[in-house]
Amino acid sequence: GNGIVLYPLIVADPPWAYRNFSDTAHGAVRSHYDTVPFADIAAIPVASWAAPDCILACWGTWPKLDEGTDLVRAWGFDFVTGFPWIKTTPSSGEIYRGIGFWTMSCSEFVMSGRRGAPKRVAKTAAAIGLLAGEDRQFYCPRAKHSAKPEDLQSWLAAQFAGPYLELFARRLRPGWTTW
């Protein structure tokens, strides 16, 4: 072949830019890592890395809902659906009371995008229970700033053939190309 790897499964956690009062006020993301303007994120050539039949799982936050669905489309995918990750406290398992200007944000979401007609290779458990076991549905303890539950990649990899690509990865993951 031509040596170009195309990925039938891509997971992304974009470094969304927010308009906070300062770089450190109210848990501002910029005090934890560099952010990237939407236009620059949308310009990343993800479509050129995606297989003709591909699934995209893209993390977002509620203030970025419009940009999130725009990003899915900008990267060459049709927006299909999504699901929430309800953050809990590591110690008690109670719902985490986050920060926010309108609500006490206690969740983020994963948007699902599709390109072509991706096929599941295995029918594993449905997404309910994905992030913390069947009894808790989408509840899972929060960790360091912006760290996501580890179960998402494992669940997706069990359902779709690789190779796998993770964009804006926080760590190396065996069997995945990280960027």
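Figure 1. Phenylalanine 109 is buried, with a relative accessible area of 5%. The model shown here and in the other views is predicted. A search of the whole structure finds 4 aromatic pairs. One of them joins tryptophan 62 and phenylalanine 109, whose rings are tilted, with 4.6 Å from centre to centre and 50 degrees between the planes. Tryptophan 62 belongs to the loop between β2 and α3 (65–74), while phenylalanine 109 belongs to strand β4, so the pair ties together parts that are 47 residues apart in sequence. Tryptophan 62 is partly exposed, at 42% relative accessibility.

**Figure 2. Strand β4 and the strands paired with it.** Of the 9 residues of β4, 7 are buried, so the strand is mostly covered. β2 and β4 run antiparallel and are joined by 7 bridges. Within this pairing, cysteine 58 has methionine 111 of β4 as its bridge partner. β3 also pairs with β4 in the antiparallel sense, over 8 bridges. Here the bridge partner of proline 84 is phenylalanine 109 in β4. In a regular strand, side chains alternate between the two faces of the sheet.

**Figure 3. Two buried cysteines.** Cysteine 54 is buried, with a relative accessible area of 0%. Cysteine 58 is buried as well, with a relative accessible area of 0%. How many disulfides does the structure hold? The number is 0.

**Figure 4. The buried side of helix α4.** Helix α4 spans residues 151–159, and its buried residues are Leu152, Gln153, Trp155, Leu156 and Gln159. Why do they lie on the same side of α4? They cover an arc of only 165 degrees around the axis, and this puts them on the same side of the helix. An α-helix has 3.6 residues a turn, so residues three or four places apart point the same way. The cover over the buried residues of α4 includes the strands β1 (7–12), β2 (50–60), β3 (78–88), β4 (107–115), β6 (164–167) and β7 (176–178).

Figure 5. Glutamine 153 is part of helix α4. Is this glutamine 153 buried or exposed? Glutamine 153 is buried, with a relative accessible area of 5%. When neighbours within four places in sequence are left aside, glutamine 153 is in contact with Val11, Glu166, Arg173 and Trp176. Among these contacts, arginine 173 and glutamate 166 also meet each other through their side chains, in a salt bridge of 3.1 Å from N to O.

**Figure 6. The salt bridges.** The structure holds 2 salt bridges. In one, the side chain of arginine 173 meets that of glutamate 166, and both of these residues are buried. In the other, the side chains of lysine 64 and glutamate 67 meet at 3.5 Å, N to O. Lysine 64 has 10% relative accessibility and counts as buried. Glutamate 67 is partly exposed, with a relative accessible area of 27%.

Figure 7. Most residues other than glycine have a negative phi, and most peptide bonds are trans. Which peptide bond is cis, with omega near 10 degrees? The bond in question runs from glycine 162 to proline 163. Proline 163 is placed in the loop between α4 and β6. The loop between β6 and β7 contains phenylalanine 168. Phenylalanine 168 is a residue other than glycine with a positive phi, near 60 degrees.

**Figure 8. An aromatic cluster.** Trp49, Phe168 and Trp179 form one aromatic cluster.

**Figure 9. The setting of the close-up views.** The protein has 4 helices and 7 strands. Read from the N terminus on, its elements follow the order β-α-α-β-α-β-β-β-α-β-β. The protein has 179 residues, of which 40% count as buried. Among contacts with a separation of 6 or more, 70% are between residues 24 or more positions apart.

Key:
Residues numbered from 1 in each chain as written. Predicted model: local features only at pLDDT ≥ 70, side-chain atom pairs only at ≥ 80, totals over all residues. Heavy atoms only, no water. Buried < 20%, exposed > 50% of the residue type's maximum accessible area, 1.4 Å probe, protein only. Helix = DSSP H or I, 4+ residues; strand = E, 2+ residues; numbered from the N terminus. Arc of directions from axis to C-beta. Contact = heavy atoms within 4.5 Å. Pairing = 2+ DSSP bridges. Salt bridge = Lys/Arg side-chain N within 4 Å of Asp/Glu carboxyl O. Phe/Tyr/Trp six-rings, centres within 6.5 Å; stacked < 30°, edge-to-face > 60°. Disulfide = S-S within 2.5 Å.
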